[in-house]
Amino acid sequence: MKITLACAGGMSTGMLVKKMEEYAQSQGLDADISACGLSELEERVAGTDIILLGPQVGYQKADVIALYPTIPVLVVDMLDYGMMDGEKVFKTAVEAMEKNK
């Protein structure tokens with residue numbers, strides 16, 4: 001599974017990506033998780049199963065959906081993002097992907 005996180009600049013989601021990767025590995029799951037700035041999303045989206053938006057760019061969800069209508073788009077919960085709860089964000093992403101099948 002490929003998960004792409006997009007935020008204002010790609011920096012703040014880097015720590016969350018690390019936590020998500022650690023959780024996926026602890027569960028024996030093969031996950032390609034990366035972070036980028038919203039402006040870089042077009043270059044990074046190929047093969048992505050779900051796009052997660054950082055809360056600070058959540059207001060652009062409709063625009064991202066319009067650009068990538070076949071890929072589920074989810075805004076990361078502000079509390080989960082602030083707490084860097086990689087496990088919860090990962091599980092939420094997986095649930096959203098399963099609902100979209």
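Student: Which residue of S4 is the bridge partner of Ile51?

Tutor: The bridge partner of Ile51 in S4 is Val73. Before we proceed, note that this is a predicted model, in which local features need pLDDT of at least 70 and side-chain atom pairs count only at pLDDT 80 or more, while totals for chains, interfaces and linings use all residues. Residues are numbered from 1 along each chain as its sequence is written, and side-chain values use heavy atoms, with hydrogens and water left out.

Student: What makes S3 and S4 a pair?

Tutor: Two strands pair if DSSP finds at least two bridges between them. Strand S3 (residues 50-53) and S4 have three bridges, in the parallel sense, and therefore they meet the criterion. Strands themselves are DSSP runs of E with at least two residues, and helices are runs of H or I with at least four, numbered from the N terminus.

Student: What is the order of the four strands in the open sheet?

Tutor: The order is S2-S1-S3-S4, with parallel pairing. Strand S2 (32-37) and strand S4 (73-75) are the edge strands, each pairing on one side only.

Student: Why is Val45 called buried?

Tutor: Buried means under 20% relative accessible area, exposed over 50%, and partly exposed in between, with a 1.4 Å probe and protein chains only. Val45 has 10%, so the residue is buried. Val45 lies in the loop between helix H2 (41-44) and S3. Setting aside residues up to four places away in sequence, Val45 touches Ile51, Tyr68 and Ile71, where contact means heavy atoms within 4.5 Å.

Student: Why does Met78 count as exposed?

Tutor: Its relative accessibility is 63%, and therefore Met78 counts as exposed. Met78 is placed in helix H4 (residues 78-82).

Student: Which backbone oxygen lies 2.7 Å from a polar atom of the Lys2 side chain?

Tutor: That backbone oxygen belongs to Ala46. Ala46 is also among the residues in contact with Lys2 beyond its neighbours within four places in sequence, including Asp32 and Arg44.

Technical notes. Polar contact = N/O pair within 3.5 Å; in protein donor to acceptor, adjacent residues only side chain to side chain.
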